[in-house]
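Subject: Structure handover

Hello,

Here is the structure you asked about. My notes on it follow below.

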Amino acid sequence: DTVFLKMVDPSIVSVGDTYGLFKRGRRIIHPATGAITGNMMHDLGYLQVTSIDNRNVTARIGKVFREVERGAELYHYIPPVMELTLKKTRTEMEGYILSTKAEKLTQGQQDVIFVDLGLRDGLSVGNMLYITRPRTVTEKGLEKPDSPLPDELLGAAVVIDSRATTAAALIVKSVRTVYRGDQVLSITE
């Protein structure tokens, strides 16, 4: 389909430029701090500029993943990563699952999660993450119920996209159900 774009500054747009199409979703609340960390951005597809006439910018939609409606936002297109090189992080990082791509209650293998770590923290595409959850202990479970126990290992994920303060990761292994608010730990070994 052919679409017409409203650009803030058409002078920086060139024929052939490719833009990702996004729809702004609900606000994301950090599960541990309660702070607003941003908005869910739903990837709708991409388009390419075909002509520019004064302030009129025309484009052709290339591929869509969801319905594109008037008001969709444009961002510079970043092609999806098709091959990853797995790598360790230099330092240990701990964070939380902020949200999930499918916005389901439970997550498992092959689902995409969004975490509160990103490029500023040193997290990049190809880094591996463990997904963990603190264990809960009852008084009957231990002689000393205040004794710390290691976190429960739920699975592993690989970072597929990293931005300044957040990243997307694909769950590659899960042994238990994963939830928003579960913790992530970078793999340094």
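V81 lies in the loop between strand 5 and strand 6. Its relative accessible area is 41%, so V81 is partly exposed. Together with L84 and L86, V81 forms a nonpolar patch on the surface, and the accessible area of the three is about 250 Å². Please keep in mind throughout that this is a predicted model.

There is also a charged patch. E92, E94, D151 and E189 gather on the surface as a patch of negative charge. One of them, E94, lies in strand 6, which covers residues 94-100. E94 counts as exposed because its relative accessibility is 61%, and the cut-off for exposed is over 50%.

Next, the salt bridges. Side chains of opposite charge can pair when their charged atoms come close. The structure holds five salt bridges, and I describe some of them here.

R24 forms a salt bridge with E73, with 2.8 Å between the closest N and O atoms. This pair links distant parts of the chain, since R24 is in strand 2 (residues 18-29) and E73 is in strand 5 (residues 73-76), 49 residues apart. R24 is partly exposed at 43% relative accessibility, and E73 is partly exposed with a relative accessible area of 23%.

D111 and K104 meet through their side chains in a salt bridge, at 3.0 Å from N to O. Are the two partners buried or exposed? D111 has a relative accessible area of 15% and is therefore buried, while K104, at 42% relative accessibility, counts as partly exposed.

R133 forms a salt bridge with D182, and the closest N and O atoms are 2.8 Å apart. R133 lies in strand 8 (residues 128-133) and D182 lies in the loop between strand 10 (167-174) and strand 11 (183-186), so the pair ties together parts that are 49 residues apart in sequence. D182 counts as buried, because its relative accessibility is 5%.

Strand 8 also holds I131. I131 has a relative accessible area of 0% and is therefore buried. The C-alpha atoms of I131 and V64 are separated by 31 Å, and the two residues are 67 residues apart along the chain.

Last, the aromatic rings. A pair of aromatic rings is described by the distance of the centres and the angle of the planes. The structure holds two aromatic pairs. In one of them, the rings of F22 and Y75 have their centres 5.4 Å apart and their planes at 80°, so the pair is edge-to-face. F22 in strand 2 and Y75 in strand 5 are 53 residues apart, and the pair links distant parts of the chain. F22 counts as buried at 17% relative accessibility, whereas Y75 is partly exposed, with a relative accessible area of 34%.

Y46 and Y77 form an aromatic pair that is tilted, with 4.8 Å centre to centre and 40° between the planes. This pair also links distant parts of the chain: Y46 is in strand 3 (residues 36-53) and Y77 is in the loop between strand 5 and strand 6, 31 residues apart. Y46 counts as partly exposed at 25% relative accessibility, and Y77 is partly exposed with a relative accessible area of 29%.

Regards

Conventions. Residues are numbered from 1 along each chain as its sequence is written. This is a predicted model: local features need pLDDT of at least 70, side-chain atom pairs count only at pLDDT 80 or more; totals for chains, interfaces and linings use all residues. Side-chain values use heavy atoms; hydrogens and water are left out. Patches are made of residues with over 30% relative accessible area and no salt bridge: like charges are joined within 9 Å, nonpolar side chains (Val, Leu, Ile, Met, Phe, Trp, Tyr) within 5 Å. Accessible areas come from the Shrake-Rupley method with a 1.4 Å probe; for residues, only the protein chains shown count as cover. A salt bridge is a side-chain nitrogen of Lys or Arg within 4 Å of a carboxyl oxygen of Asp or Glu. Lys and Arg count as positive and Asp and Glu as negative; His and the chain ends are not counted. The place of a charge is taken as NZ of Lys, CZ of Arg, CG of Asp or CD of Glu. Helices (H or I, at least four residues) and strands (E, at least two) are DSSP runs, numbered from the N terminus. Buried means under 20% relative accessible area, exposed over 50%, partly exposed in between (1.4 Å probe, protein chains only). Rings of Phe, Tyr and Trp (its six-membered ring) pair if their centres lie within 6.5 Å; planes under 30 degrees apart count as stacked, over 60 as edge-to-face and the rest as tilted.
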